[in-house]
Amino acid sequence: MTQTVPTESANGTREIGRARRRKEDARLVTGRTRWTDNITLPGMLHLAFVRSPIAHARITRIDTSPAAGMPGVVGVFTAADLGAEGIGLPCAWQVTPDMKAPQRPPLASQTVHFAGEGVAVVAARTAAEARDAADTVEVDYDPLEPVLDMEAALADGANLVHPELETNRNALWVFDSAGAGSGGNVDHAITAAEADPDSVVIHRRFRQQRLVPAFMEPRSTVVDPTGEQLTMWSATQVPHILKTMTALSLGIPEHKLRVIAPDVGGGFGGKLAVAPEEIVTLLVARKLGKPVKWTETRSECMLTAHHGRDQIQDLTLTAGRDGTVTGLKVDLLADMGAYLGLVTPGVPLLGAFMFNAIYKFPAYRFSCTNVFTTKTLTDAYRGAGRPEATFAIERMMDELAAELGMDPMDVRKKNWIRHEEFPFTTVATLVYDSGNYEAATARAEELFDYPALRREQAERRRSGDPVQLGIGISTYTEMCGLAPSRVLGALAYGAGGWEHASIRMLPTGKVEVVTGSSPHGQGHETAWSQILADQLGVPFEDIEVLHGDTQVSHKGLDTYGSRSLSVGAIAMVKAADKVIEKARRIAAHLLEAAEGDIEFHAGTFSVKGSPDARTTIQEIALAVFAAHDYPEGIEPSLDSDATFDPENFSFPHGTHLCATEVDTETGAVRLRSYVAVDDVGNVVNPLIVEGQVHGGLAQGIAQALYEEAIYDSDGNLVTGTLVDYLLPAAPDLPDFTTERTTTPATSNPLGVKGVGEAGAIASTPAVVNAILDAVRHLGVIDIPMPCSPERVWRALRTARGGTAHTAGGPA
Amino acid sequence: MARIDVTVDGVRYTDEVEPRTLLVHYLRERLGKVGTPIGCDTSSCGACTVHLDGISVKSCTVLAVQADGGQITTIEGLAPNGELHRMQQAFHDNHALQCGYCTPGMIMAAVDLLRTNPDPTNQEIRDGLEGNLCRCTGYQNIVRAVRAAAATPTGVTG
Ligand code: FES
Ligand code: FES
């Protein structure tokens, strides 16, 4: 396993691997923050949107005149007023050549397609005045039938979300290992298993409920049209993509637009978007020639910012009675909502390669039908496609174990890729470069005390304890580091997956590093400083990490898909290599030695054999600035940049074990212990890694137990505020036990894999498996997520032969 | 319009405000105290938490006029003189923040928690911070930070 070991920082100690406290914290714990909503510019106006209260309707009249006369109002605009009727917001992923894509307008002008869609906008001197005025705009709607159920939407004669597309089907995307040459024909596997008494065939249907990303900072955009460039500040994960896409969508020359993501308060995929409101803010600012701000309320955010998940998963798994899986067939329905966002139709595809997970399945077929409904659009949310896949397969492995009467861990062990089998080409055609599932599992079992909990479980079952114990397993992997550009090209994604970095060596030896990655809580400023301190041998404190402003960072593809470290930081390492090579030539010149005799270690260049002849890279930076004495034929600069395009994904993995106590009388679920052993490759900062795991676990557990975006039969979001949508608070979550094993990635010189999504991907099935494990012996075979006390109680009651449809709660 | 007289982070202000103005809007928009952010419109998230006369309040649930005559401390005034309050230090030391959006409110609430319960258990901390939502951290390091702060002698700042 090749691994370039970085050099050391100036004081001779390695920064990589240290639990450095974060640089970012200094401003964040003192309130010296720069959220977009903090920005105030001279003469700045504020926007408020008029939004449809109806899911699906024709707009028959918009009367803006009452609003126009309200105090403080400067303008009231419909799409026509802004010349926006022809504008369509971008979708970057045409998943199939015949994919159906509706125009997604910044403001609806003829028809609204989901409750909350914007139909007009008010600009006023204060946000309160804008809001007051927006409430007076009169809009008449001619209601159309909402389209809410995916299966009904696909039936013949269904009401159409977008009649011009003549179907509610956005696309059908299929992968078949038989066609790809990576495995057998799954239909043959099913036929063979059905005919074989020593085999089992298991069919299950799971529902991935709709979730709200619920980053804590509501979205906000400020556009300043004064000056030569239009400047847009936005609470976004993707300033570079936003810039390019906005330029393309509006026909603005790209060099006339500058996008800045200042401090951004979380994203989790939810700010991987080009939002209608961003476009409208720009259009209004340009029209009025004044700076304009839009900041949403939380309720607007829940209603209109894209949602995540929302799939119906039909699975068929075949296996021998010894537990060896012989085939897996996956048929998904994925709810797009009313429109396509940046990567909406591709999200389920990111799961297509992950249903086979850590296992050796000889035959696999995946099909996904993307469906339009009259709901808020869906798009990336932490894990994007991979949590859905992991949930399904980890649930199926437990179903298989239950069917065969085997221990669910034994079923996994029987099928997983053994550590000596890496690199391993999967049935979904990915090449897993490294991993050690045995090691992570062994450590997790140790920390969890698996045998003791199984004994206690048996005892509680024997004694008929009203509180039953369940153990849930999730042995997951994920594909991270999105992504090799060629792979994205093969999947018809509209961009590459490289990342860019540049390094500026300042005269005083301080260093500015510019990254195309765009953090919003991940701690890049700290981690990047650690890595670069080791690479260049300069102090951690002497490094400033610059990001999120397209005028500073002209090139980048931003932050999502656990790509920052395994792609973005590698670009920085490559740029550092170039700085060192440039400095080496100058060092040779200054030290009057041959270039081949110059050695570089911990920030110092020295001459082989004459240890006193030395100079540091920071001294060279000053010498280059003065430029009085440097070799002929080279430029007086150490500055460098690099673009890194990964050759493969990285594949973090791990074993999560969850113990739940289920009160069979009330349906209440208590998480008793949760152990996560993750292998994310080499670790730059264990503190940051642990934090990412904790946060991911919280979101994954919340999917299992608490969260669901619910629409009523009219298509209204009924969980549209933080009162109705159950984000977990501190008492709702347990303490986690987290540890790591380390199998370095071989696809990048740091051996890192990425950690942003692991916790969210792994934890949901661990929790649900644990709940079912507690009550399966009572006849419960499934509980839909979120597994609220009411749902658990109803499942138990149905299993016991009672009726569960009574309106009351627990009897 | 109503006249109010408040002291915010040690500075006295007299202002005319609309009766409906929320304290958080007054702080952010009139005084430029943008260190206190807004996370919701249903008093659910706690991001806006400040101290009013030494007690933590969600500043989106208080009208500016209700704060008339009051002493308000925001995250920006928690540690004057450029030092960190022990709670700020503990949040930093224990990696109790990621994006930092919940952090001002979380810190202000946690300071008040220790005022009423100087040596809380983990469960008491979790229960005490129930009104403050964090989407990034999973809360474990926040609990750790509050315990660490509780174990730190109060200095001049707190
Ligand atoms: S903004 Fe005050 S509680 Fe959310
Ligand atoms: S640190 Fe991001 S919401 Fe708490």
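1. The contact between the chains draws on 52 residues from chain A and 43 residues from chain B. This is a predicted model. About 3,900 Å² is buried between chain A and chain B, with carbon and sulfur atoms giving 55% of that area.

2. Five salt bridges are counted between chain A and chain B. A:Glu690 pairs with B:Arg144 in a salt bridge, and their closest N and O atoms lie 3.4 Å apart.

3. Which elements of chain A give two or more residues to the side that touches chain B? They are helix 1 (25-28), helix 3 (127-134), helix 9 (298-304) and helix 19 (686-705). Helix 19 of chain A supplies the largest share, nine residues. By residue class, the side of chain A that touches chain B splits into 26 nonpolar, 16 polar and ten charged.

4. Turning to the cysteines, the count is zero disulfides over all chains. The cut-off for a disulfide is a pair of cysteine sulfur atoms within 2.5 Å. For A:Cys91, the closest cysteine sulfur belongs to A:Cys368 and is 14 Å away, so the gap is too far for a bond. A:Cys91 is partly exposed, at 28% relative accessibility.

5. A:Cys658 has its closest cysteine sulfur in A:Cys787, at 11 Å. A:Cys658 is buried, its relative accessible area being 0%.

Definitions and conventions. Residues numbered from 1 in each chain as written. Chains lettered and ligands numbered in written order. Predicted model: local features only at pLDDT ≥ 70, side-chain atom pairs only at ≥ 80, totals over all residues. Heavy atoms only, no water. Buried < 20%, exposed > 50% of the residue type's maximum accessible area, 1.4 Å probe, protein only. Contact = heavy atoms within 4.5 Å. Buried area = accessible area lost by both parts, 1.4 Å probe. Salt bridge = Lys/Arg side-chain N within 4 Å of Asp/Glu carboxyl O. Helix = DSSP H or I, 4+ residues; strand = E, 2+ residues; numbered from the N terminus. Nonpolar A, V, L, I, M, F, W, Y, C, P; charged D, E, K, R; others polar.
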